[in-house]
Every structure is written in C-alpha cells, then in structure tokens.
Amino acid sequence: MSPKKIVLRFGPDITEKPIIYRLVKDYDLLINIVKANVNPQKEGTMVLEITGDHIEGGMNYLRGIGVQVQALSQEIVRDEDRCTMCGACTAICPTGALFIERPAMEVNFDGDKCVVCQLCLKICPVRAMEVRL
Amino acid sequence: MLRSYSEINAKIKSGKAVVMSADEFISLVEEKGLSAAARTVDVVTTGTFGTMCSSGAFLNFGHSSPRIRMQKAWLNGVPAYAGIAAVDAYIGATELPEDDPLNSNYPGEFRYGGGHVIEDLVSHRPLSLKAISYGTDCYPRKSIDTTITIDDINEATLFNPRNAYQNYNCAVNLSGRTIYTYMGMLKPNLGNAHYSSSGQLSPLLKDPHFKTIGIGTRIFLGGGTGYVAWHGTQHFPSIQESPDGKSLGPAGGTLAVIGDLKQMSPRWLKGVSFTGYGSSLAVGIGVPIPLLSEEIALYAAAADRDLYAPVVDYSDAYPGRKPGNLGQVSYADLKSGKITVQGKEIPTAPLSSYPMAREIAGILKERISSGSFLLAEPVQLLPSPADGRSGKVLNG
Ligand code: SF4
Ligand code: SF4
C-alpha cells in the first residue's frame with residue numbers, strides 16, 4: 001500500500017498536544033514526518049506520509065480536535081514575472097516558505113518549506129502564486 | 001540657495017548633473033556630512049510602487065458609424081463612467097463587474113476589476129467594449145458591442161486623483177478573528193502588522209514641506225513620464241510629533257498625477273485583488289527632488305530611522321473612525337521584520353514593494369543622468385503643513 005500524503009494545520013492549542021503519538025498508538029498508523037514547522041505565533045503545519053488501515057479514523061480524530069486536514073497532491077509555484085516583491089504574503093505564509101531577504105527586502109520562495117496550505121493564493125494581490133497539479 | 005532649476009537643467013543637458021537615488025544620498029550624507037553632500041549632488045530621485053486607490057483612466061474611444069452617445073459603457077464587463085461626453089469614459093481602479101459575487105462568499109476574491117482593465121489596456125490586450133444609449137437625432141445608435149485595444153482608441157490618459165500617500169498606517173488587528181482589509185489579511189490578536197510605504201525612498205516623505213513638489217512637476221509614472229496635476233484628494237500634510245515634541249516625520253500629503261497611458265508599461269501598472277476587500281491598481285511613481293538648498297537636502301536625507309508610521313487597529317478603531325493610535329514605529333523597525341505593540345512582539349510585512357521602489361529611483365536617476373528627463377519647475381507648489389489643511393467628517 002502506498003502512503004497517503006497529507007498536510008495538517010493547527011493553532012497554538014494543538015501545538016502542545018501529542019497528536020502523532022495518538023495517531024500511531026490509537027489508529028495503528030505508520031507515519032513519516034516529511035516537514036514540520038511551528039512559527040513564532042505557535043501555529044503549526046506538518047506534512048505527513050501515512051500508511052495503515054485506519055487512516056480515515058485517524059483523520060476524523062484530528063478534525064475533531066480542530067486540526068485542518070488536507071490531501072497533498074499539489075505543488076505551489078510562483079510566477080516570477082508577475083510577483084512584485086511586495087511582501088504581502090510573508091507574514092501570512094505559516095512556514096516561512098515565502099520570506100524577505102534583508103536588507104534588500106526581496107521576497108524569496110523556498111518550495112521545500114511550502115506545505116501547500118494555499119493561503120498565499122488568495123493573499124497575493126497580483127495572484128502570482130499558483131497551484132500546479 | 002545652492003542652485004536653480006535652470007542651472008540643474010543646463011547640467012543635465014551637458015551630461016554633468018550629479019544624480020543619486022534617495023538611499024545613495026542618505027549614505028553619502030552619513031559619510032561626508034550634509035553640507036558637502038548637498039553641494040555635490042544636484043538631484044535626488046525617489047520611488048514607490050504599491051496599491052494606490054483613487055486611480056483611473058480617461059478614455060476616448062473615437063466615434064462609430066452611425067454615432068452613439070454612450071450612456072453606459074463596460075470594458076471586459078467592468079462599468080466605466082460614461083457620463084462625460086458622447087464617447088469619453090473614465091475607468092476607475094476599484095470598479096467591479098456588476099455580476100461579481102463580491103463578499104457574498106466571504107471573503108470574496110475580487111479577481112478582476114477596473115485596475116485589471118487598466119493593466120490589460122496598457123498591455124495592449126484586446127478588451128470587450130459594450131455601450132448602450134437611448135438614441136438621439138444626432139447620435140442615433142442605441143448599442144455597440146465591439147473589441148478595442150489601447151492602440152485603436154484616440155486617448156488613454158491615466159489620471160489618478162490621489163496617489164503616492166506621504167505615509168501610511170501600520171495596520172494591526174486587536175480582535176479575536178481574522179479580518180480582510182485593504183491592508184491585507186490581518187491575523188487575530190496582533191498576529192501580524194502590515195505597512196505600506198517605501199520609507200526612505202518614498203517621494204513625499206522626502207519633501208515634507210512641499211518646497212519642490214508642485215503643479216507641473218515632471219515625474220516617473222507607470223513606466224512613462226507623467227506630471228503632478230494638483231494636490232491629491234485628502235491632501236492634509238502635517239509633521240507628526242512624539243509626546244515629548246520630537247519630529248516623527250511627515251504624514252498626510254498626497255498627489256494627483258496625470259500622464260499618457262499609451263507610453264506606460266504593465267510592469268509598473270498592475271491590477272490587484274485584495275481578498276475580502278476589492279480590486280485596485282498598483283502604480284509605480286518616482287519624483288525627482290532638486291537640491292535647491294541645504295534645507296531641502298536635509299529633508300531628502302531623512303532615513304528609515306527618522307520616519308515613523310502610526311500603528312492602527314483595523315478591527316475597530318479604523319472602521320469606527322475612532323481617533324488615536326497604538327503608538328508610532330519607525331520604518332527601520334518595520335523593515336526589521338518585527339515590532340512590539342502593547343508589549344507583544346509581532347511580525348511585520350510590507351504591502352509596498354521596496355525592490356521596485358528602488359528600481360524606479362534607479363530608472364529615474366538613469367533618465368536624468370542621460371539627459372532624457374529634464375526637471376520641470378512647478379507652476380505652483382502644493383499646500384504644505386503650514387497651510388493647516390485637515391479632513392472633514394461626513395455626517396450621516
Ligand atoms: S502554500 Fe503559500 S502560504 Fe502556504 S506554505 Fe506554501 S508558500 Fe506558504
Ligand atoms: S504577495 Fe504576491 S506579489 Fe507580493 S511578494 Fe508575495 S508572491 Fe510576490
């Protein structure tokens with residue numbers, strides 16, 4: 001069985017909770033943490049690869065405690081010509097994938113840090129961020 | 001008096017003018033001192049690139065055969081105000097299609113509006129033009145449905161009644177829910193702070209008393225050449241002060257600008273969408289500041305650490321038009337990436353592009369140095385803080 005890739009997003013209240021432990025223990029899932037990030041506001045994002053028979057049950061548990069669960073089948077790209085380097089996305093992107101290089105104040109995009117939360121898609125005023133399927 | 005406009009222009013024509021962008025001039029003043037720097041440099045160039053509401057374009061479509069006296073007109077489905085003359089219209093940056101879902105599915109996306117129409121025009125893309133009328137003896141036609149490009153129409157004049165805000169609020173959200181504003185998405189409980197100025201590069205922050213900028217000042221506008229047409233609407237310049245009387249830099253001035261849209265470029269005029277708020281136009285503007293005196297040079301040398309923005313709550317104080325703010329922060333602090341408000345450290349982000357502002361100041365410097373851009377002495381300077389203009393409240 002090939003692993004299922006998912007993205008989790010959660011607020012400061014969840015950051016303290018042992019959610020991975022519960023997924024492993026209560027739902028018998030095999031979990032590979034691909035990316036994990038907690039920003040200074042204690043908002044967390046995680047990309048997981050999950051294998052097991054009770055994935056849906058585990059996901060329902062997560063949703064029940066307020067975690068946003070999303071399948072990861074997409075990639076985010078930036079249209080470099082369209083981006084004006086305004087910076088409007090940089091305090092919104094939860095993982096720092098979009099960030100400002102100082103002192104030049106240029107906006108960079110590090111795809112490796114992106115967890116495909118898609119927040120930047122609607123935040124970017126010139127719609128420079130796109131989903132690639 | 002260090003030099004006059006005509007002396008500067010004579011030097012520009014002979015290729016001898018010394019021109020520096022505002023950030024370069026700040027470094028020179030730090031290195032050589034104000035007097036020496038002011039004697040060396042003739043012109044300081046500034047730049048800003050950001051969303052500027054109160055923008056739009058006057059268009060004259062030319063006459064069809066038979067003639068129509070357009071009563072209502074739409075460009076790519078976005079209404080343009082046609083109540084000016086038979087085939088004249090004004091497309092405003094924040095106008096939206098009548099069938100836009102707006103905020104009915106909150107927060108709305110506002111993917112296409114007047115700002116995007118202007119970007120499509122300046123990109124030489126074909127646009128749908130529809131217009132209706134009631135028919136007159138001299139203008140019998142009642143409707144037209146056609147396609148135009150900027151090259152097919154007589155005139156396209158960018159005329160922005162209020163641009164280049166001297167300074168702007170740093171927006172935060174004190175409430176417990178995410179809000180969607182023209183200052184971007186503001187996370188609850190002081191989750192982020194958004195500001196919108198190029199700070200030490202921004203045109204009106206470098207001429208706080210309007211000693212050089214006035215009606216007729218030639219500027220960089222949208223990639224081409226434009227002019228200051230008038231003071232902008234809501235032009236209420238003042239000098240901010242801390243409680244102990246220290247200057248925190250200017251705020252409140254604005255410009256009305258005009259220029260031929262046909263010679264501008266989509267790189268410097270971009271349609272923008274603010275989720276939950278609406279659409280608008282991002283505009284690139286650069287203003288040259290002639291160093292006529294040492295006093296003017298002193299103002300032009302103001303750095304990010306000398307210039308401050310008020311921190312304003314956009315969940316309650318701003319929408320409710322309640323006076324006061326949450327303190328003042330310098331652009332040096334804003335650019336560092338974090339500020340402290342009410343004892344909490346919060347991440348900052350700009351909405352105005354510093355890299356593009358720097359590029360504009362650089363292009364303007366290049367145009368002046370190469371002799372292709374002469375300075376225009378204003379016919380009349382704009383009202384200054386000493387004129388004491390202030391905003392009125394709309395009752396109702
Ligand atoms: S989708 Fe956008 S906002 Fe989300 S992590 Fe990736 S770059 Fe950041
Ligand atoms: S909000 Fe959009 S235009 Fe601005 S820096 Fe981010 S990706 Fe670029």
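Hi everyone, let's start at ligand 1, which is surrounded by 13 residues, the closest being Cys93(A), Cys114(A), Cys117(A), Gln118(A) and Cys120(A); a residue counts here if one of its heavy atoms lies within 4 Å of the molecule. By class, that shell holds 11 nonpolar, 2 polar and no charged residues. The classes put Ala, Val, Leu, Ile, Met, Phe, Trp, Tyr, Cys and Pro as nonpolar, Asp, Glu, Lys and Arg as charged, and the others, Gly among them, as polar.

A word on the model: it is predicted, with local features needing pLDDT of at least 70 and side-chain atom pairs counted only at pLDDT 80 or more, while totals for chains, interfaces and linings use all residues. Residues are numbered from 1 along each chain as its sequence is written, chains are lettered from A and ligands numbered from 1 in the order in which they are written, and side-chain values use heavy atoms, leaving out hydrogens and water.

Now to the interface. Chain A brings 25 residues to the contact and chain B brings 32, contact meaning heavy atoms within 4.5 Å. About 2200 Å² is buried between chain A and chain B, with carbon and sulfur atoms giving 55%; that is accessible area (1.4 Å probe) lost when the two parts are put together, summed over both. In chain A, the most area is lost to chain B by Ala91(A), Met105(A) and Arg127(A), together 24% of what that side buries.

Which residue of chain B forms a salt bridge with Glu106(A)? The partner is Arg358(B), and the closest N and O atoms are 3.7 Å apart. The side of chain A that touches chain B divides into 13 nonpolar, 5 polar and 7 charged residues.

Next, the backbone. The peptide bond from Arg102(A) to Pro103(A) is cis, with omega near 0°, and Pro103(A) sits in the loop between strand S6 (98–101) and strand S7 (106–109) of chain A. Strands (E, at least two residues) and helices (H or I, at least four) are DSSP runs, numbered from the N terminus. In chain B, Ser65(B) and Pro66(B) are also joined by a cis peptide bond, with omega about -5°. Most peptide bonds are trans.

Finally, chain B has 7 helices and 28 strands, and its C-alpha atoms fill a box of roughly 70 × 60 × 35 Å along the principal axes.

Definitions and conventions. Salt bridge = Lys/Arg side-chain N within 4 Å of Asp/Glu carboxyl O.
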